[in-house]
Every structure is written in structure tokens, then in C-alpha cells.
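Please read them with the sequence and the coordinates open.

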Amino acid sequence: MILRPYEPGDWPAVWAVLEPVFRAGETFPHDPAIDSEAARRAWVEAVDATVVATDADGAILGTYYLRPNQPCLGAHVANAGYVVAEAARGRGVGHALCRHSQEEARRRGFTAMQFNLVVSTNTAGVAAWSRNGFRTIGRLPGAFRHPRLGEVDALVMFKRLAG
């Protein structure tokens, strides 16, 4: 697996990974009807960095973005989002993306990382972030409108990276 910075020509393949996840509406708060351009703005333009994981042939296995969690006085805490291609799940891609994002966050001077809205029913995500050292520091009752389950809790997960 190769982890590298996103390049503009990657967008069609990245969108092919993101679109089914966004359409499902089970793990990200984006409008399930989001179009490619709005998704590109959110995943690539409104962030500090976007990274892709590829196989040896260059096929996109997954992607993450990295940005400050808050502006100004909260900008030392990073935030990230991750999506793994359905065909690549269960192969350690999410773990590799999470580890890489923490290294990149440290390199960029972030001292901690926070996930603001981890959907509690996303058991694979909760387990992956826990295995990577994130602690659940809060539970937001009914904060996510799941398309099949209705209002479900969202977790706030946090990890100190330095200091």
C-alpha cells in the first residue's frame, strides 16, 4: 500500500470511494444527495491536506482529509475524516490511514486530534479509532439522523499527539 498526497487527477477515483459512503448516510453528516463538486470542495478544498492510499497499480483504496478542528485558538487540535473503498475493507487500510494522519498531524504541528461526530453505530470505525489510541470523551445523544435507525448517538473521540 502506498500513501501519498492527493493529486487533482485522483478526484474521479476518490469520488468513486466517497460517493457510496455519502449516499448511504450512515457514517458522515453530508447530504446523501451531495454532488461530486460539493464533495470535492468539502474533502479537498476546505481542508489542509488530503491523502490517498493506493495499491501497487495505483487503484485508490482509501482516503483521508486533515484540517484544524477549530479556527484560531483551537487550531492546534486536528480533525480528520476517513473512507475506505468497500473492496478494500478488512485489509488494514483504515488503520494505515489513521496512523498516517496522526504522523502528518504531528508534522504539521498539531498537538492533538479530535473526531467530533463518530456515529455510535459505526462499530468498525469506533473499534479502529480505539485501537489507534483514541478515547471516547463524550456522547451526544441522538446527534446523528441515521437513515434506517433514526436518531442515534454520536461520539466525540480524542487523542493527544504531543505534550
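The points below go from the whole chain to single elements and residues.

1. Basis. This is a predicted model, in which local features need pLDDT of at least 70 and side-chain atom pairs count only at pLDDT 80 or more, while totals for chains, interfaces and linings use all residues. Residues are numbered from 1 along each chain as its sequence is written, and side-chain values use heavy atoms, with hydrogens and water left out.

2. Overall make-up. The protein chain has four helices and seven strands; helices (H or I, at least four residues) and strands (E, at least two) are DSSP runs, numbered from the N terminus. In sequence order the pattern is β-α-α-β-β-β-α-β-α-β-β.

3. Dimensions. The radius of gyration of the protein chain is 15 Å, which agrees with the value near 15 Å for a compact globule of 163 residues. That radius is taken over C-alpha atoms, and the globule rule is 2.2 Å times the number of residues to the power 0.38. The C-alpha trace spans about 40 × 40 × 30 Å along its principal axes.

4. Of the 163 residues, 45% count as buried. Buried means under 20% relative accessible area, exposed over 50%, and partly exposed in between, with a 1.4 Å probe and protein chains only. Among contacts (heavy atoms within 4.5 Å) between residues at least 6 apart in sequence, 59% join residues at least 24 apart.

5. Strand β2. Six of the six residues of β2 are buried. Two strands pair if DSSP finds at least two bridges between them. On that basis β2 pairs with β1 (residues 2-5) in the antiparallel sense over four bridges, and with β3 in the antiparallel sense over six bridges. Ala53 takes part in both pairings: Leu3 is its bridge partner, and Gly62 in β3 stands opposite Ala53. Five residues separate the strands in the hairpin of β2 and β3, where Gly58 has a positive phi near 95°.

6. Strand β4. How many residues of β4 are buried? Eight of the eight are, so β4 is largely enclosed by the rest of the structure. Val77, Asn79, Gly81 and Val83 point one way, and Ala78, Ala80, Tyr82 and Val84 the other way. β4 runs antiparallel to β3, with seven bridges joining them, and Asn79 is the bridge partner of Arg67. With β5 (residues 112-119) β4 runs parallel, joined by two bridges; here Ala78 stands opposite Met113.

7. The crossover. β4, α3 and β5 form a right-handed β-α-β unit. Right-handed here means that, with the strands pointing away from the viewer, the path from the first strand over the helix to the second runs clockwise.

8. Helix α1. This helix covers residues 11-24, 14 residues in total, and reaches 20 Å from its first C-alpha to its last, close to the 20 Å expected. The expected span is 1.5 Å times one less than the number of residues. A kink of about 30° lies at Leu18, shortly before Pro20; the bend is the angle between axes fitted to the seven residues ending at a position and the seven starting there. Trp11, Val14, Trp15, Val17, Leu18, Val21 and Phe22 are the buried residues of α1. Their cover includes α2 (36-45), β2 (49-54), β3 (60-68) and β4 (77-84). After α1 comes Gly25, with a positive phi near 65°.

9. Helix α3. The end C-alpha atoms of α3 are 21 Å apart, in agreement with the 21 Å that its 15 residues should span. Its buried residues include Val93, Ala96, Leu97, Cys98 and Ser101. Arg107, also in α3 (residues 93-107), is exposed, with a relative accessible area of 59%. Gly109 follows α3 and has a positive phi, near 95°.

10. Cys72. Is this residue buried or exposed? Cys72 is exposed, with a relative accessible area of 70%, and lies in the loop between β3 and β4. Its phi is positive, near 45°, in a residue other than glycine. Most residues other than glycine have a negative phi.
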